[in-house]
Amino acid sequence: MDWADVGRAAALLLAAAVVGFFAIASEREARSSWNPAARGKRRLIVLSVVLGLFGWLAMASAAIPLTSVIAGDTVTGSAQPTSPGLVDAGIPTSTANPKPAAPDPLQQLKPGDCVEVPMQPATDPDGSPTWKPGSPAPADCNTIDANYRVLQNSPDPCSGPLYKLETTRKDHAGKQLYHLCLAFDWRVGFCYDTAHMDEPSKVACDTPGDHIVKATAVFENSTDGSACPRDGQGAVWVVWDKRQMTVCFRGGDKPGS
């Protein structure tokens with residue numbers, strides 16, 4: 001706002017007021033005296049009106065900047081750039097790649113690790129009884145739930161005669177995450193219910209039953225039971241020719257019969 005303009009406008013308004021005062025006095029004198037000469041002073045009224053008009057215009061022109069200042073931002077100082085730490089609402093602060101999904105726990109299994117595979121009775125297309133395996137889950141080998149162990153976990157086909165089950169999984173892009181080759185977990189010191197010898201189950205050793213046996217030795221790549229322990233408390237063994245494996249038991253004379 002220019003204060004000099006305001007001063008000039010005020011001076012014009014003051015001059016208009018003074019001239020107008022004398023003009024009004026002269027007009028009153030003319031009316032009272034009927035003096036034509038006095039009436040000529042009416043020109044002072046016109047002059048006061050003109051001066052007043054210019055004074056108000058000058059005041060208005062000086063007041064416009066004042067109004068804009070009042071209506072706008074009155075904080076002093078120069079504008080500063082936005083702080084780098086401030087962002088518009090809703091705009092992500094990072095363009096980094098999203099955190100990758102946690103790996104499947106089965107993908108981390110190594111040969112010798114154990115899994116639990118739920119087994120349900122089923123029927124083959126020809127009507128023969130069989131077993132339908134469920135989804136495997138990692139398990140502690142020292143628990144009775146761990147009924148299978150990992151022989152290999154790689155993209156390669158299952159090899160060797162011991163494997164009985166295999167399970168694979170691929171990601172959305174078709175990349176193989178794991179290929180597990182599994183064998184039943186015969187483990188020395190654990191007890192088994194061998195009523196169904198094609199799919200036995202681990203049980204607590206105090207479980208009653210005619211087919212509850214305790215594994216005393218496991219021989220892989222062997223079909224000879226002569227090396228099984230014999231201590232006069234009853235001993236028997238089972239040989240799997242195809243799998244090249246012999247398991248020695250104690251506690252039942254005819255496991256699986």
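Two strands count as paired if DSSP finds at least two bridges between them, and the strands themselves are DSSP runs of E of at least two residues, numbered from the N terminus. The model looked at here is a predicted one, so local features need pLDDT of at least 70 and side-chain atom pairs count only at pLDDT 80 or more, while totals for chains, interfaces and linings use all residues. Residues are numbered from 1 along each chain as its sequence is written, and side-chain values use heavy atoms, with hydrogens and water left out.

Next come the aromatics. Rings of Phe, Tyr and Trp (its six-membered ring) pair if their centres lie within 6.5 Å; planes under 30 degrees apart are stacked, over 60 edge-to-face, and the rest tilted. By this rule there are six aromatic pairs. In one of them, Tyr-148 and Phe-184 have ring centres 5.6 Å apart and planes at 85°, so the pair is edge-to-face. Tyr-148 comes from strand 5 (residues 148–153) and Phe-184 from strand 7 (residues 176–184), so this pair ties together parts that are 36 residues apart in sequence. Phe-184 also pairs with Tyr-192, this time tilted, at 6.1 Å centre to centre and 55° between the planes.

As for burial (buried is under 20% relative accessible area, exposed over 50%, partly exposed in between, with a 1.4 Å probe and protein chains only), Tyr-148 is buried at 0%. Phe-184 is buried at 5%, and Tyr-192 is buried at 0%. Tyr-148, Phe-184 and Tyr-192 share one aromatic cluster with Trp-186, Trp-240 and Phe-249.

On a 1 Å grid over the protein atoms alone, a cavity is a set of points where a 1.4 Å probe fits but cannot get out, whereas a pocket is an open set with protein on both sides within 12 Å along at least five of seven lines; lining residues have an atom within 4 Å of a point. Points are joined across faces, edges and corners, and a volume is the space filled by probe spheres set on them. The whole structure holds one cavity of 30 Å³ or more. The largest cavity has a volume of about 50 Å³ and is lined by Arg-149, Leu-162, Ala-183, Phe-184, Trp-186, Arg-243 and Met-245.

The largest pocket comes to about 220 Å³. Of its 15 lining residues, Val-117, Asn-147, Pro-200, Ser-201 and Lys-202 are the closest to its centre.

Finally, Asn-142 is found in the loop between strand 4 (137–139) and strand 5. Asn-142 is exposed, at 59% relative accessible area. Asn-142 and Arg-187 are 45 residues apart in sequence, with 9.1 Å between their C-alpha atoms.

Technical notes:
Helix = DSSP H or I, 4+ residues; strand = E, 2+ residues; numbered from the N terminus.
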